[in-house]
Amino acid sequence: MDLKCRKTTCKYNNYFTCDAKNIAITTNLECDSFCRDPERQVRDTSRCLFEEPPKYAPHREKKSMRVVCAAKCLFNCQGTCVANGLTINDINECPYCITFIKP
């Protein structure tokens, strides 16, 4: 599973790639695994793609990772996310799953 994250203040964010061992998504689509790192002040360069290309960490296959999901989503299969990839976006200071598709 490919995990992309724009929550740059999370301790698991490695150049927009999630390095968490497991992820939990709540019923209101928030990433419950988010852990703020007060030391991190990473600038989100993906917002100005045409001015400065963002640096991304290389894709890492996460076959053993489990994404627990409580949302009513098309990709939720008995509490586990079965999407090929997951993207967490920074919306109103909260980390939200934007891979969500209404069933």
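A: The accessible surface of the protein comes to about 6700 Å², and carbon and sulfur atoms hold 53% of that surface. Accessible areas come from the Shrake-Rupley method with a 1.4 Å probe, and for residues only the protein chains shown count as cover. This is a predicted model: local features need pLDDT of at least 70, side-chain atom pairs count only at pLDDT 80 or more, and totals for chains, interfaces and linings use all residues. Residues are numbered from 1 along each chain as its sequence is written, and side-chain values use heavy atoms, with hydrogens and water left out.

The protein has nine strands and zero helices. Both kinds of element are DSSP runs numbered from the N terminus: helices are H or I with at least four residues, strands are E with at least two. Of the 103 residues, 37% are buried. Buried means under 20% relative accessible area, exposed over 50%, and partly exposed in between (1.4 Å probe, protein chains only).

Now the part itself. Strand β9 covers residues 94-97. β9 pairs with β8 in the antiparallel sense, over four bridges. Two strands count as paired if DSSP finds at least two bridges between them. The two strands form a hairpin, with two residues between them. Asn92 sits in the turn and has a positive phi of about 50 degrees. Ile91 stands opposite Cys94 in β9.

In a regular strand the side chains alternate between the two faces of the sheet. In β9, Pro95 and Cys97 form the covered face. Cys94 and Tyr96 form the uncovered one.

Cys97 counts as buried, at 10% relative accessibility. Its sulfur is 6.4 Å from the closest cysteine sulfur, in Cys81, so the two are too far apart for a bond. A disulfide is a pair of cysteine sulfur atoms within 2.5 Å. By this rule the count is zero disulfides. Cys31 is in none either: the nearest cysteine sulfur, that of Cys18, is 6.5 Å away. Cys31 is buried, at 13% relative accessible area.

A nonpolar core is a set of buried Ala, Val, Leu, Ile, Met, Phe, Trp, Tyr and Cys residues joined through side-chain atoms within 4.5 Å. The largest one has 19 residues, and Cys81, Leu86 and Ile88 are among those that touch the most other members. β8 (85-91) is one of the elements that give two or more residues to this core.
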